[in-house]
Amino acid sequence: QMCIRDRFVAEVKKYIANVIGPNFMYYPPFDLEKAFKNSLTSTPIIFVLPGTDPMATLRTFAQAKGKADNMKAISLGQDQGPLAIKSIEEAKKVGSWIILQNCHLAPSFMPTLERVCDSFQTKGSKDQIHPSFRLWLTSYATEHFPVSVLQSGIKLTNEPSKGTKANMLGSLMMHPISDTHFFDSGGPVFRRLLLGLCFFHSLIQERRSFGALGWNIPYDYNQSDFYISVRQMHSLLQDTHSESVEKAIKSLKYLIGECNYGGRVTDDKDRRLLKALLNDFFTSEMLKPDYKLNGLPEFTFPPSNLDYDAYYRFLERELPDEQPAELYGFHENAFVSRNIKDSNDLLASMQRVGGSHFQSKKTSTVLEGQQEFKVHNRVGEKSEEEMFQEMLNKLPEKLVDLEVAEKQYPPLYENSMNTVLTQELARFNILLRVIRRSLKNIVGSLRGEELMSDEIERVYNSVLLGSIPTLWASKSYPSLKPLGGYLADLKVRCNFFADWVEHGAPPVYWISGFFFAQSFLTGALQNFARKEHVEIDALSFSFDFMGEDATDYSQGTLNRSQCSLKQPENGVYISGLFLEGCRWDFEAAALAESLPKVLFTKAPIIWLIPTRGEGKCEDRYSCPVYKTAERRGVLDSTGHSTNYIMDIKMPTQEKPEHWIKRGVAMVCQLSST
């Protein structure tokens, strides 16, 4: 399946080129002049975000049209609606341009905007509008944007160039870099660091296409970040002497990494990555002749004494069209991950657009996942009623009787794990109750015994499409699995906790099976704190790495009879984690490069050892652990992330920055099974 999805998008492109034509494989060039000529006073021009910030291009275009002094930009937000209406009415009379930015941030104003745009279409209003008047809008995709305005307007988007080479050449063509006087006046140090900034800007944008491997959150870095960085660099380096170059580079790294680009970053792991990438491009080593980026011969920097035209020709001629994974800091497997991500995104879009067509198929792929939860519904096989009834029969009424479990595992001062266990059991009982109740309602509706509510109909449609219903997800642990894999995973989790209740705490805890893993980690620290009579706030975990985790979690949890480990005196053993971006070398007991085409590998069993203070592990890689491969999450009501769990400091024979740029992390579950 991985091989198919790895090549799916490429094969679709070939099919489109052969059947429809090669012209449909390329984006048309961004042409603001052509769009303006096709517009009317009654036709709003809409910039669809995300994409390159249109304001700089629009100001330059307005200046060319003699409208620089007759253009007014209003950023929509709280209490900006009346000002926008007043400005539009005035502009209609005098022929000015009005730009309403960020329409997605003013949903309450959208009905008013719709009425204003509709009024442009009336015959009496058309005659009263100045022929030079234009209304420009910018907005992200949002359900609040008026459909009538979207249909009548001219839609534009200016996506960043695809590929590092195209992106770099596009950056060099930007104002003020394309001004030869500006380019030459900066001096040789400026020209060399400017090239590094162009590389940096293109690489951080290209990393977005790699999904969570590239950035936890796909930030909207754009030309405005690049523009202000260029201006600051020119100002700092124009009159810089050789002895103060190091100070200037240090200042630039702070301005770019903390303010210009770093100001957009909200995830601390992304901030760590941004700084690691920035260190590759802003270093005194880069000022040396024949500097090779990341040691790659094909990315040798040109001499710093060239003029602008020579610089551009050098990059156009010498830079390869295809970039190796090492340029981005990745392993070659990252391209496989990106292709699979693109394929999944395309298939998901096809499913959303043709939902009824996909739903009508109702084949065995409806519940793609473990064999036990595959449901066949071809012609002459099981009916929908039988399919849902079979799902219902395979799920227990509840995990365990909570009252019985609380008596068997009462809250104890010396053992916080009893509380952790009962809290987890309560969560699973709630989830099972919600799933079973909705399935019963669907079966009853299919039998004609009761009406199907809107909520239950959404569950019904989601199940037929093989996705986790929103109703279930609201009471569930995070999961990116298809529905069949999710239900199989739920059963394995239930087995883990049922075994805990029946036989006592396991020697190795399956951390991936917890609803709220943070409470389990707190329980482990609390047990040690109460035993040793120390403050829990003074404790942290140190880590020791044990043998291979041989459990097949698709079939069941850790077999106690086959486990040679016993519960440690202090701390806990955990298992069930998967490494992405690297593998664990059991002989060297350290991180190692991934094998070709192997995207995820099992992490070893890890011993979490409560320790006073925080141990210094500068030579170790601080590896983040996430619940799902999506990685990004939000803070919930407890103050914890909905996805991030903890950092585990892992031995490495490389510098930690190597794995930071690789995007190495551990996840609790795979998305495909």
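Which residue stands opposite Ile574 in strand 8? Tyr509 does, and the pairing of strand 8 is taken up again below. The model discussed here is predicted.

**Overall composition**

The protein chain has 673 residues, of which 49% are buried. Its secondary structure comes to 25 helices and 16 strands. The accessible surface is about 33000 Å², and carbon and sulfur atoms account for 51% of that area. Among contacts between residues at least 6 apart in sequence, 75% join residues at least 24 apart.

Strand 8 covers residues 572–575 and is covered on both faces. Val572 and Ile574 are buried on one side, while Tyr573 and Ser575 are buried on the other.

| Partner of strand 8 | Residues of partner | Bridges | Direction |
|---|---|---|---|
| Strand 6 | 508–510 | 3 bridges | parallel |
| Strand 13 | 606–612 | 3 bridges | antiparallel |

Ile574 has Tyr509 opposite it, and Val572 has Leu608 of strand 13 as its bridge partner.

**Helix 12**

Helix 12 runs through residues 245–260, and its buried residues are Val245, Ala248, Ile249, Leu252, Ile256, Gly257 and Asn260. Viewed down the axis of helix 12, these buried residues fall within an arc of 145°, so they line one face of the helix. An α-helix has 3.6 residues a turn, so residues three or four places apart point the same way. On the other side of helix 12, Lys247, Lys250 and Tyr254 are exposed. The cover over the buried residues of helix 12 includes helix 10 (187–206), helix 11 (223–237) and helix 13 (268–281).

In soluble globular proteins, nonpolar side chains tend to be buried together. The largest nonpolar core in this model has 134 residues, and Trp472 and Ile648 touch the most other members. Helix 20 (residues 417–446) supplies the largest share of this core, 12 residues. A second, separate core has 22 residues, among them Ile46, Ile88, Phe120 and Phe145.

What does Trp472 touch, leaving aside residues up to four places away in sequence? The residues in contact with Trp472 are Met391, Leu431, Val434, Ile435, Ser438, Leu439, Val459, Val463, Leu483, Tyr486 and Leu487.

Terms used
Residues numbered from 1 in each chain as written. Predicted model: local features only at pLDDT ≥ 70, side-chain atom pairs only at ≥ 80, totals over all residues. Heavy atoms only, no water. Buried < 20%, exposed > 50% of the residue type's maximum accessible area, 1.4 Å probe, protein only. Helix = DSSP H or I, 4+ residues; strand = E, 2+ residues; numbered from the N terminus. Arc of directions from axis to C-beta. Contact = heavy atoms within 4.5 Å. Pairing = 2+ DSSP bridges. Core = buried A, V, L, I, M, F, W, Y, C linked by side-chain atoms within 4.5 Å. Areas by Shrake-Rupley, 256 points an atom, 1.4 Å probe, with all protein chains shown as cover.
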